[in-house]
Amino acid sequence: MSAPSTPASGFNFGANPPDDPEVRVSVEQASYAYSVTDRGAPKFALGPVTFEARRREIVAILGPNASGKSTLLKLLAGLYRPLSGFVRVDGFEASQLDPRERAQKIALVQQESALLFPLRVWEYVLQGRYPYGRRLRFESEEDCLLAANALAQVGAADLRDRWMEQLSGGEKQRVILARALAQQPSLLLLDEPTQHLDIGGKVELLRRLRKLADENRYTVIVVTHELNLAAEFSDRIVLLHGGKCHLSGAPSEVYRREILGPVFEAPLDVEISPSGRPRVRLRDGMGRDSG
Amino acid sequence: MQPLTPRRILGVCAILAGVLFLVVVLSLRLGAYPMSFRAIITTLYYGALGQTERIPTDFRLVIFGLRLPRIALGIAVGAALAVAGAGFQALLRNPLADPYVLGVSSGAALGAILSLVFAPHAVIAMQGAAFLGAAATIAAVYFLGRRGGQIESTTLLLSGIVAASFLSAIIMFLMTTLSGRDLRGMAFWLMGDLATPPQIPMGFLFVVTLAAVGAIYTTASDLNLILTGEQEARHLGVNVARVKLVVYLSASLLTGLAVSVSGAIGYVGLLVPHVIRMIFGSDYRILIPATALGGAIAIVLADTLARTIVAPTELPVGAMTALVGAPVFIYLLRRRVR
């Protein structure tokens, strides 16, 4: 494994292909602060974060509430410009890309807003082709083919003609993912994608993401609260705490009792599952009242 | 999967243009001076060929002097108000948005009256002032309707209603300074009225209306995405701020222009986009042109009814649109609340 790409200067905003072509996302000393004013000191939302993500990798961003997970995700999506350091996707500074170019490289899946007017599933997925046309655009046959493929990739081909508001939580999540795939991005970002799913839906979604990363060379970065699922399916963990990057590395390096316990302020034990992955559980007897 | 094609849009527009033509012919037929359909068609035919000497003088006066200018005004105003409504609905992410309900028409009317009071003879001052009044009102209603950084549907509508009543109070105050003869005309104009010929050339009215509708149309693909969520649209590469600015300025211009020539005709911007959505779907690439034609049809029909229903007396066209629009607004509001 080669050394991480190190640019000559943190202020180089142009294309800067990484030394290792397998490295898709490189985040180096990236920080962000809200409401930076001349008078007051910047209020840091996220201290310097450094990590890399490669092709076919799933990276999970973990941390308690208000630890800076959403801010990091927005930095990765190029929606915020880092205060220091850089966030590069395929060698391009994410926040410097033109919005359409950015949408061709990075797809962000969030909890969707309520639809104002009814929409068919295929119409929704076709929206993912927007970055590839002129401002006022009509979808081509190729767009339809790619949208159909995206639906097939998430196992939702049969939902094509349904109305969006008729879908169950799990079905909707798959369709939203299909729209992101229709963008043909190299980086797929997901913000708590398992939030409204039952356990079966959660496992199914993460299996699918694993398959997409393995077979289609996507790099997937997921913000999640699901410690055990993250340990099971991800290659790398970025653990945030109090707006700082506490630790990043393989699940086995991050999932330690002395690390997770203080971060999540919970009595956690870590054990190794038969698959060789770490697993978190509440320490014995902590689920019951002591009285 | 059958995505929208330019061909389908043209087809829909051709059908609506056909309906508009029929409505126009019907409107030309009805009125105090009786004319047969045959006479109307012949008059229009010779008029189109420029052979006006072959048309009887009274026919020429009735058709080209009275009825057609009023219908043309109705077409421009209907298209402008309906597209402004569709634009405001996307801009504010609220299907109940309408220039009249949001108080934007009142803002435009106040602007127009202020220009009459302070610069009665300035060229297009009334249109400019009406545009500024509309733009200022929608900006005020937008900021009043926000709570915690989010636009809240009910707060927005209430802000619009309050803005409209506040602006109406100022208009009433200004009207007391006008003479008795102007007052009746002004009261009719405030209700929305097509009887008074506009002080600007009809060609100018049509060109500016077309330009503003065209400007909104260039953002149709972006509006489709903004309607599914602003955040999502941004992630998909839409320049949301630019789109909102284009729609804000164009819809305000359309409202200002329509109000300056015809007064505050209500509910067209609510009813027409709603009916078009039910028939042709909510894709803005088809909704904008279909709404423009639908608005023209609606106003020409409403005005025909307004001037024939209690003939020889005329009703203001705004009274007709409010008679239909207000109950539909209540129905839509209740359906949303449930």
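A residue counts as buried if 20 or more other C-beta atoms lie within 10 Å of its own C-beta atom. The model shown here is predicted.

**View 1. Helix H5 of chain A is largely enclosed.** Eleven of the 14 residues of H5(A) are buried, so the rest of the structure largely encloses this helix. Among the buried residues are A:Lys172, A:Arg174, A:Val175, A:Ala178 and A:Ala182. What do the buried residues of H5(A) pack against? Their partners in chain A are strands S6 (106–109) and S7 (187–191), together with helices H3 (121–126), H4 (141–153) and H6 (199–216).

**View 2. The span of H5(A) agrees with its residue count.** H5(A) covers residues 169–182. At 1.5 Å a residue, its 14 residues should span 20 Å. Its end C-alpha atoms are 20 Å apart, which agrees. A:Gln184 follows the helix, and its phi is positive, near 50 degrees.

**View 3. A:Val125 and its contacts.** A:Val125 touches A:Val175, A:Ala178, A:Arg179 and A:Ala182, and also A:Ala147, A:Ala150 and A:Leu151, leaving aside residues up to four places away in sequence. A:Val125 is among the residues with the most contacts inside the largest nonpolar core, alongside A:Ile61, A:Leu189 and B:Val83. That core has 182 residues. Helix H3 (residues 57–91) of chain B gives the largest share, 17 residues. In soluble globular proteins, nonpolar side chains tend to be buried together.

**View 4. Chain B meets chain A.** Here 23 residues of chain B are in contact with 26 residues of chain A. On the chain B side, helices H9 (220–227) and H10 (230–235) each supply at least two residues. H9(B) gives the most, with four residues. This side of chain B has ten nonpolar, ten polar and three charged residues.

Definitions and conventions:
Residues numbered from 1 in each chain as written. Chains lettered and ligands numbered in written order. Predicted model: local features only at pLDDT ≥ 70, side-chain atom pairs only at ≥ 80, totals over all residues. Expected span 1.5 Å × (residues − 1). Buried ≥ 20, exposed ≤ 12 C-beta atoms within 10 Å, placed from the backbone. Contact = placed C-beta atoms within 7 Å. Nonpolar A, V, L, I, M, F, W, Y, C, P; charged D, E, K, R; others polar. Core = buried A, V, L, I, M, F, W, Y, C linked by C-beta atoms within 7 Å.
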